[in-house]
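This briefing is meant to be read alongside the sequence and the coordinates. It begins with a question and then goes through the structure topic by topic.

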Amino acid sequence: MGVAGASPGRGAAGPTMDRDEADRALARLGAEHEAIETSLLALQDHAGRRLLEGAELTGVTKERWSGAEASISRLWEYFDAYSDALDGIRELRARRRWPGREDLVELTERLRGRSVVVAMPLGHVALSVDGPARLTEEFALEELVGRMNELYASSLDVVVTADAVWSALPARIDLLSAELQRTRSLAHSVGVRPGEHPSGDELEEITHELSALRAQVISDPLAFWRPSPGSSAPGGGRPDTDRYDRAARALEDIRREIEAVLGVRQDSEERLIRLRDVLSRADRTLAEARTARGEVLAKIAASEVPAVSGPPIALQERLSLAAEHRRHSRWHRLSPLLEALEREAEDELLRARESLTAVTAPLAVRAELRGRLDAYRAKMARHGFAEDPLLIERYDLARRTLWSAPCDLRVAEQAVLRYQQAAAEAVAMAQQPPGRPGPEDRRGDA
């Protein structure tokens, strides 16, 4: 690596600069030199770079860091060449307060021409088909600044990206692993173990996944980086947390299930008592329906009376199994069984009530007809028709039909309707003014 002085063969420098132009260019390059030095020192001290240097890398991170390391080394070589060139220009400018023509020509050549010569790194000698191999690179100072900016941006991107992933994911994985251990302890206490319960197997899978994920994040952080579309700034993007998020969701689902099992352990006795009560009510309701069915068959004729099923023996057996699970602390098996039994017991009680309603429906119809008949008789008494022979005759017929056993509901309903019709006609005739024809009198038609 070296820096050449003024040389007319190093590239066109353009029109000769005057003193003020040279001083301004030199000041600008000095400011750029300070900015580049500050950036390089910051990169040298960056925590991400130190971690990359000490890590056992794999995959895409190993490949990219190898290139970044070479770029950083080359950056320092370029910076040293830039510094030497800048020192030489400052020394040249300091010779005279008022530089002559030859000095300005040389200043122009050094400031604008390709006056910086840097040796090619070992292993990167460029071969040429029409001449000797290139052993050096030549730059104008502005070109060299641009080249350093490119190498700096690409190297910083690797360092910042790796540091962002290492700052985000391992700590989150460790927190999730700690939560996983607490959940495993709870699961073990309620019998949720690998090979005995699906959630126990899932906890083992999550454990292996987090262990593998952490190892991969540590060795290959750049594989877990998602660049922002269209962003060219170093470190533009975010860590890829998809695998972590899936593991976290799976653990949360299991944790809720374990909490449900713990809840079962705390209130299982109360829930078993409620279940026994619901099934007992269902059994009593079915017994009542069977008794009512016998009564209906004895009292109601020509009626379809549905059969009544027996007691819920299968549910009673499963209830006994639930009690067995509780005695032996098999909470992970008790939890889903109780949930299913609670639903089915309520369904059984509803079915028993519907069966009782269906069986007693004929008795309800008879009661409704009796009530309707007595209501119309009271109405006729208020209108002064209590002694009407036709109404008495039709009332007695309907009453005998409704109070006989077995009662034919179809015949009874017709008898009540005939009484209602006769009552309506009697009231209508009584309300007609004298001399006006009323409805056709069919009261003699018994």
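Where is the place of Pro406? Pro406 sits in the loop between α11 and β6 (407-408), and the peptide bond that joins Ala405 to Pro406 is cis, with an omega of about -5°. The model is a predicted one, in which local features need pLDDT of at least 70 and side-chain atom pairs count only at pLDDT 80 or more, while totals for chains, interfaces and linings use all residues. Residues are numbered from 1 along each chain as its sequence is written, and side-chain values use heavy atoms, with hydrogens and water left out.

**Overall make-up**

- The protein chain comes to 12 helices and six strands, where helices (H or I, at least four residues) and strands (E, at least two) are DSSP runs numbered from the N terminus.
- Of the 446 residues of the protein chain, 38% count as buried, a class that means under 20% relative accessible area, with exposed meaning over 50% and partly exposed in between (1.4 Å probe, protein chains only).
- Among the contacts in the protein chain with a separation of 6 or more, 75% are accounted for by residues 24 or more positions apart, contact meaning heavy atoms within 4.5 Å.

**Nonpolar cores**

- The largest nonpolar core has 80 residues, and those with the most contacts inside it are Leu52, Trp65, Val217 and Leu391; such a core is a set of buried Ala, Val, Leu, Ile, Met, Phe, Trp, Tyr and Cys residues joined through side-chain atoms within 4.5 Å.
- Helix α7 (residues 242-299) gives the most to this core, with 17 residues.
- Apart from this core lies another, of 27 residues, among them Ala22, Leu29, Leu92 and Leu151.
- Once neighbours within four places in sequence are left aside, Trp65 is in contact with Arg49, Leu52, Glu53, Leu57, Ile72, Val158 and Val159.

**Helix packing**

- Helix α11 (residues 389-402) and helix α12 (residues 409-430) pack at an angle of about 160°, with their axes 9 Å apart; axes are lines fitted to C-alpha atoms, for helices over the stretch in contact, and angles run from 0 to 180 degrees between N-to-C directions.
- That angle makes α11 roughly antiparallel to α12, given that angles under 35 degrees count as roughly parallel, over 145 as roughly antiparallel, 65 to 115 as roughly perpendicular and the rest as oblique.
- The contact involves Leu390 and Leu391 among the residues of α11, and Val411 and Ala412 among those of α12.
- By class, the contact of α11 with α12 has 13 nonpolar, one polar and two charged residues, where Ala, Val, Leu, Ile, Met, Phe, Trp, Tyr, Cys and Pro count as nonpolar, Asp, Glu, Lys and Arg as charged, and the others, Gly among them, as polar.
- The axes of helix α1 (residues 19-45) and helix α2 (residues 47-54) come within 5 Å and cross at roughly 50°, and the two helices are therefore oblique to each other.
- Leu43, Gln44 and Asp45 of α1 meet Ala47, Arg49 and Arg50 of α2, a contact that divides into two nonpolar, one polar and three charged residues.

**Individual helix residues**

- Ser335 lies in helix α9 (residues 331-359) and is buried, with a relative accessible area of 6%; not counting residues up to four places away in sequence, Ser335 touches Ala260, Val261 and Val264.
- Arg326, found in helix α8 (residues 313-327), is partly exposed, with a relative accessible area of 30%.
- Not counting residues up to four places away in sequence, Arg326 touches Ser268, Glu269, Leu272, Trp331 and Leu334; the C-alpha atoms of Arg326 and Leu272, 54 residues apart along the chain, are separated by 9.6 Å.
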